[in-house]
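Morning, everyone. I have one structure to walk through today, and I'll keep it brisk. Please put it up on the screen.

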Amino acid sequence: MVDVTGKEMDNPTFKSDTVLSDVHLHCPNKRHLMVRLNAVGQPVFLSYFKLLWNTEDLASEKHVREATTEREHQYRSGDELCGKDGNNLKKERALNSEGVEALLDDDGDLEVVRRPRSASDLEMEDLLRDRVYPVILMKGKEDALEDEEQECTCSDVVKIEHTMATPLEDVGKQVWRAAFLLADYILFKRDTFRCCSVLELGGGTGITSIIMGTVAKRVYCTDVGEDLLAMCEQNVALNKHLLEPGRGEVKVKELDWLKDEFCTDPEAPYSWSEGEIADLHDHCTVIMAADVFYDDDLTEALFRTLYRITHNLRNSCTVYLALEKRLNFTLRHMDVTCEAYSHFRNTLNDLENLQDRKMKYTVEPIKLDFCQFLVYERIEQL
């Protein structure tokens with residue numbers, strides 16, 4: 001969202017401070033229920049994300065996407081223009097000097113013909129656009145979700161509370177594509193992560209940790225900010241049905257990359273106990289992070305945290321990093337650049353080339369040809 005402010009219209013100031021994730025916009029026919037306002041007054045929505053376990057689910061989702069593409073193509077490339085009476089409009093067609101075809105009226109003016117809305121238009125909108133139904137549910141009225149619950153089976157639906165548009169500092173409260181990409185990889189490589197002890201950095205809404213919790217022994221889902229961590233903890237509670245009894249424990253903890261130590265203050269919410277820190281150091285073999293590389297200072301802080309934690313681990317560890325390359329046009333370069341990604345790669349190279357007698361870091365890319373289990377657009381920038 002861009003705001004234009006200023007005392008005089010001839011001296012405007014442009015301010016852009018709202019970031020919007022498009023994951024929830026790529027879920028056809030899904031309802032997003034507004035369940036509450038969080039501590040800072042932002043609306044919180046509850047969304048259901050279906051896991052596509054079998055070929056029937058995958059085929060159904062593919063059919064919807066193909067039908068959408070086909071209808072969109074038909075409407076955009078139709079040869080006939082219909083008037084209000086349903087008959088073809090007979091207008092004089094002319095070609096300008098560049099060969100561009102135009103519609104002219106009797107006076108030679110360009111006439112824009114608008115196709116009337118019809119039943120087919122409404123059907124088209126159902127396929128192309130998600131319907132968002134913000135419904136404020138009264139606290140304690142759990143039966144208000146009963147209709148939604150009946151549409152979902154416990155074994156194949158992830159329930160996530162999230163916001164839809166936030167300032168940059170609150171982007172962790174949204175759901176992002178790279179988190180879905182990493183979740184796909186976890187589901188595809190279930191045997192690799194089975195019974196592991198895992199640490200997630202910048203867990204946000206917790207969806208990746210929840211998916212990891214379906215196969216791993218224990219997951220420490222970490223981020224910073226009491227409001228965000230409370231949302232994450234709520235999401236873990238909403239998805240207890242996915243975790244195996246006696247296994248798949250997901251613990252929500254605070255981990256600030258700008259601090260050198262774990263928060264151990266017993267009075268602070270989401271702090272670490274000495275036993276939990278010892279458990280992490282003794283058993284963690286997997287660290288993961290998704291879509292956390294958007295600010296250069298935070299990127300450097302994350303790699304410092306990675307260095308500090310891995311040096312204290314008893315076992316060797318694999319770090320999985322997922323991100324989306326976000327392209328932006330900059331006046332400084334007068335070109336489309338991806339500065340956040342470039343800084344990430346440079347910092348990653350520094351880590352790999354680090355001369356350390358105790359530790360050695362190697363970097364390997366992962367091909368993105370593994371199965372897709374969640375409904376989102378797996379774009380080439382992932």
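Let's start with a strand pair. Strand E11, residues 218-223, pairs with E12 in the parallel sense, over six bridges. Thr 222 stands opposite Lys 253 in E12. Two terms here. Strands pair if DSSP finds at least two bridges between them. Helices (H or I, at least four residues) and strands (E, at least two) are DSSP runs, numbered from the N terminus.

Some ground rules. This is a predicted model, so local features need pLDDT of at least 70, side-chain atom pairs count only at pLDDT 80 or more, and totals for chains, interfaces and linings use all residues. Residues are numbered from 1 along each chain as its sequence is written, and side-chain values use heavy atoms, with hydrogens and water left out.

Now the sheet around that pair. It is an open sheet of five strands, in the order E12-E11-E10-E13-E14, with parallel pairing. Strand E12 (249-254) and strand E14 (318-322) are the edges, and each pairs on one side only. The twist averages 20° from one strand to the next. For angles, axes are lines fitted to C-alpha atoms, for helices over the stretch in contact, and values run from 0 to 180 degrees between N-to-C directions.

Over to the E14 side. E13 and E14 run parallel, joined by five bridges. Met 288 stands opposite Tyr 320 in E14. How does the chain cross from E13 to E14, and which hand does the crossover have? The path goes through helix H9, residues 296-311, and this β-α-β crossover is right-handed. That means clockwise, from the first strand over the helix to the second, with the strands pointing away from the viewer.

Next, what lies across E13 and E14? Helix H4, residues 177-188, running at about 145° to E13 (284-290). Contact means heavy atoms within 4.5 Å.

Thr 208 lies in helix H6, residues 207-213. Buried or exposed? Thr 208 counts as buried because its relative accessibility is 2%. The cut-offs: buried is under 20% relative accessible area, exposed is over 50%, partly exposed is in between, with a 1.4 Å probe and protein chains only. Leaving aside neighbours within four places in sequence, Thr 208 is in contact with Ala 179, Leu 182, Ala 183, Ile 186, Glu 200 and Met 288.

There is another sheet to show. This open sheet has three strands, ordered E4-E5-E8, with antiparallel pairing. Its edge strands are E4 (33-37) and E8 (157-162), each pairing on one side only. Here the twist averages 25° from one strand to the next. Strand E5, residues 43-50, pairs with E8 over six bridges in the antiparallel sense. Phe 49 has Val 158 as its bridge partner in E8. Helix H7, residues 226-238, lies across E4, E5 and E8, at about 160° to E8.

Last, backbone angles. Cys 195 is not a glycine, yet has a positive phi of about 70°. Where is Cys 195? In the loop between helix H5 (190-193) and strand E10 (197-200). Cys 195 counts as partly exposed because its relative accessibility is 48%.

Tyr 270 also has a positive phi, near 65°, in a residue other than glycine. Tyr 270 sits in the loop between E12 and helix H8 (274-283). At 15% relative accessibility, Tyr 270 counts as buried.

That's my tour. Over to you.
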